[in-house]
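Open the model in your viewer and keep the sequence panel beside it. The stops below go from the whole chain to single elements.

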Amino acid sequence: MKKILNVLLGLLMAVTVVLLIYAIATAGSEAAISLNLIWGYFLFVFALAAALFCALFGMIKNPAGIKGTIMSLALVLIVIGASYFFSAGHDVQIVDLQNNGFFGHNETVITETSILVTYVAFAAAFVIAVATEIWGTLKNLSK
């Protein structure tokens, strides 16, 4: 199984390199850029499907982990929901330079929601990293 995955990874990387060389050789032609975008979308969907498959396979193999997965998913949905409702309550105007105006309310809500979710993710990662280091240090001191 590992050999098949290594061959698949090599194939995906080879296609990516060929498309990159094609885009450079054609000086970024519209066709090359479109092909690279389609390939990027394919890779994104493939990675998403692989992540979902691995998560489902892991839950089937270890049913005890389902509780943690559901709690993590619920936390993510709560953060996204809270960010959306916070953003929907604001009247932010983002300048649309292409049309010499402002983006609509829906676009600004989605943008602000994305930014808030990113801030929460960065803050959570920082707090968890610091807490893990402190916990590890205290654990090593008690030995």
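Colour the chain by secondary structure: read along the sequence, the pattern is α-α-α-β-β-α. That comes to four helices and two strands, where helices (H or I, at least four residues) and strands (E, at least two) are DSSP runs numbered from the N terminus. This is a predicted model, in which local features need pLDDT of at least 70, side-chain atom pairs count only at pLDDT 80 or more, and totals for chains, interfaces and linings use all residues. Residues are numbered from 1 along each chain as its sequence is written, and side-chain values use heavy atoms, with hydrogens and water left out.

**Whole chain**

Zoom out. The C-alpha trace spans about 60 × 55 × 35 Å along its principal axes. Buried residues (under 20% relative accessible area, with exposed being over 50% and partly exposed in between; 1.4 Å probe, protein chains only) make up 8% of the 143 residues. Next, select the charged side chains, with Lys and Arg counted as positive and Asp and Glu as negative, and His and the chain ends not counted. The mean positions of the 6 positive and 6 negative charges are 38 Å apart, each charge being placed at NZ of Lys, CZ of Arg, CG of Asp or CD of Glu.

**Helix α1**

Select residues 2-25, which form helix α1. Its 24 residues reach 34 Å from first C-alpha to last, close to the 34 Å expected at 1.5 Å a residue; the expected span is 1.5 Å times one less than the number of residues. Which residues of α1 are buried? They are Leu-12, Leu-19 and Ala-23. The buried residues of α1 pack against α2 (30-61). After α1, stop at Ala-27, whose phi is positive, near 55 degrees.

**Strand β1**

Select Val-95, in strand β1 (residues 95-96). Val-95 is partly exposed, with a relative accessible area of 48%. Leaving aside neighbours within four places in sequence, Val-95 is in contact (heavy atoms within 4.5 Å) with Gly-101, Phe-102 and Phe-103.

**Helix α4**

Finish with residues 105-141, helix α4. Its 37 residues should span 54 Å at 1.5 Å a residue, and the end C-alpha atoms are 54 Å apart, which agrees. Show the side chains of Thr-108, Val-109, Glu-112 and Thr-113, which are buried. An α-helix has 3.6 residues a turn, so residues three or four places apart point the same way.
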